[in-house]
Amino acid sequence: MAENIFLFVPNIIGFGRILFTILSLFFMRSCFRLATFLYLLGSFLDNFDGYYARKLGQVTNFGAMLDQLTDRCATMCLMMALCVLYPDYMVPLQLSAALDIASHWLYLHSSLLGGKTSHKLIDPSENPIISFYYTSEPFFFVMCVGNELFYSMLYLLYFTEGPALLFSVGIIRLILYISTPIAFVKAGICVLHLIVASKNMAVIDVAEREAARAKGQ
């Protein structure tokens with residue numbers, strides 16, 4: 001009997017992430033606290049799907065694509081809300097969303113065309129920063145969480161500063177300040193993704209064209 005890929009534990013977690021993200025959208029204009037909780041809950045579950053995929057031997061192409069699409073679409077939806085709340089910053093927010101989607105899509109696509117079983121498998125000689133990004137779990141975790149916190153706190157800050165802490169600065173603003181440099185570093189890493197992926201795609205194209213010419217001769 002064929003396995004039901006859709007019922008694999010990591011994919012069920014992925015479906016749960018989608019559900020929480022969609023629910024958060026319905027509350028973004030009416031209940032910002034609940035919207036933030038649901039959105040961050042969906043993001044938090046991202047730490048478990050990959051773990052259980054490896055632990056249970058349930059790594060699948062569908063799961064990898066589901067994880068990527070959920071991440072990108074969730075961020076894009078939040079960016080849309082931020083464009084409404086902060087119209088003066090619409091262009092940088094749009095560019096940030098475009099960079100996030102384009103860099104990850106091109107990098108994942110180039111990895112698959114290059115015959116890699118995972119986009120996280122990268123030799124340090126290709127790019128030591130991207131290699132470190134994927135091989136250092138603490139660094140990867142800080143980058144992903146910090147980036148999500150930056151945009152989530154930017155959303156929350158529109159409604160509230162939160163309880164005052166140091167020098168009467170609200171906790172929401174404080175978290176935003178702390179996560180801001182992380183978000184900028186993450187954006188820089190996305191640029192590196194684009195550069196590395198573009199170079200890899202060029203290598204693949206050259207090899208395919210040479211193979212086609214050789215076949216034609």
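**Pocket, cores and salt bridges in a predicted model**

Let me begin with the second largest pocket, whose lining comprises 12 nonpolar residues, 1 polar residue and no charged residues. Please keep in mind throughout that what we are looking at is a predicted model. The space in this second largest pocket comes to about 330 Å³, and of the 13 residues that line the pocket, those nearest its centre are Pro92, Leu93, Phe150, Tyr151 and Phe184. Two or more lining residues come from each of helix 5 (90-113), helix 7 (137-157) and helix 8 (171-216), with helix 5 giving the most, namely 5 residues.

From the pocket I turn to the packing. The largest nonpolar core has 24 residues, and the members that touch the most others are Met28, Leu78, Leu82, Leu93, Tyr151 and Tyr155. At least two residues of this core are supplied by each of helix 2 (32-44), helix 4 (61-85), helix 5, helix 7 and helix 8. If we take leucine 78 and set aside residues up to four places away in sequence, we find that it touches Met28, Tyr39, Tyr151, Ser152 and Tyr155. There is also a second, separate core of 12 residues, which includes Leu106, Tyr107, Tyr133 and Ile189.

Now to the charged side chains, where the structure holds 6 salt bridges. In one of them, the side chains of aspartate 49 and arginine 17 meet at 3.9 Å, N to O; since aspartate 49 belongs to helix 3 (residues 46-55) and arginine 17 to helix 1 (residues 9-26), this pair ties together parts that lie 32 residues apart in sequence. Arginine 17 also forms a salt bridge with aspartate 71, and here the closest N and O atoms are 2.5 Å apart. That pair links arginine 17 in helix 1 with aspartate 71 in helix 4, 54 residues apart.

Are these side chains buried or exposed? Aspartate 49 and arginine 17 are both buried; arginine 17 counts as buried because its relative accessibility is 3%, and aspartate 71, with a relative accessible area of 15%, is buried too. Arg17, Asp49 and Asp71 are among the members of a network of salt bridges that also links Asp46 and Asp67.

Finally, arginine 72 forms a salt bridge with aspartate 100, with 2.8 Å between the closest N and O atoms. Arginine 72 lies in helix 4 and aspartate 100 in helix 5, so this pair ties together parts 28 residues apart in sequence. Arginine 72 is buried at a relative accessible area of 14%, and aspartate 100 is buried at 7%.

Key. Residues are numbered from 1 along each chain as its sequence is written. This is a predicted model: local features need pLDDT of at least 70, side-chain atom pairs count only at pLDDT 80 or more; totals for chains, interfaces and linings use all residues. Side-chain values use heavy atoms; hydrogens and water are left out. On a 1 Å grid over the protein atoms alone, a cavity is a set of points where a 1.4 Å probe fits but cannot get out, and a pocket is an open set with protein on both sides within 12 Å along at least five of seven lines; lining residues have an atom within 4 Å of a point. Grid points are joined across faces, edges and corners, and a volume is the space filled by probe spheres set on the points. Helices (H or I, at least four residues) and strands (E, at least two) are DSSP runs, numbered from the N terminus. Ala, Val, Leu, Ile, Met, Phe, Trp, Tyr, Cys and Pro count as nonpolar, Asp, Glu, Lys and Arg as charged, and the others, Gly among them, as polar. A nonpolar core is a set of buried Ala, Val, Leu, Ile, Met, Phe, Trp, Tyr and Cys residues joined through side-chain atoms within 4.5 Å. Buried means under 20% relative accessible area, exposed over 50%, partly exposed in between (1.4 Å probe, protein chains only). Contact means heavy atoms within 4.5 Å. A salt bridge is a side-chain nitrogen of Lys or Arg within 4 Å of a carboxyl oxygen of Asp or Glu.
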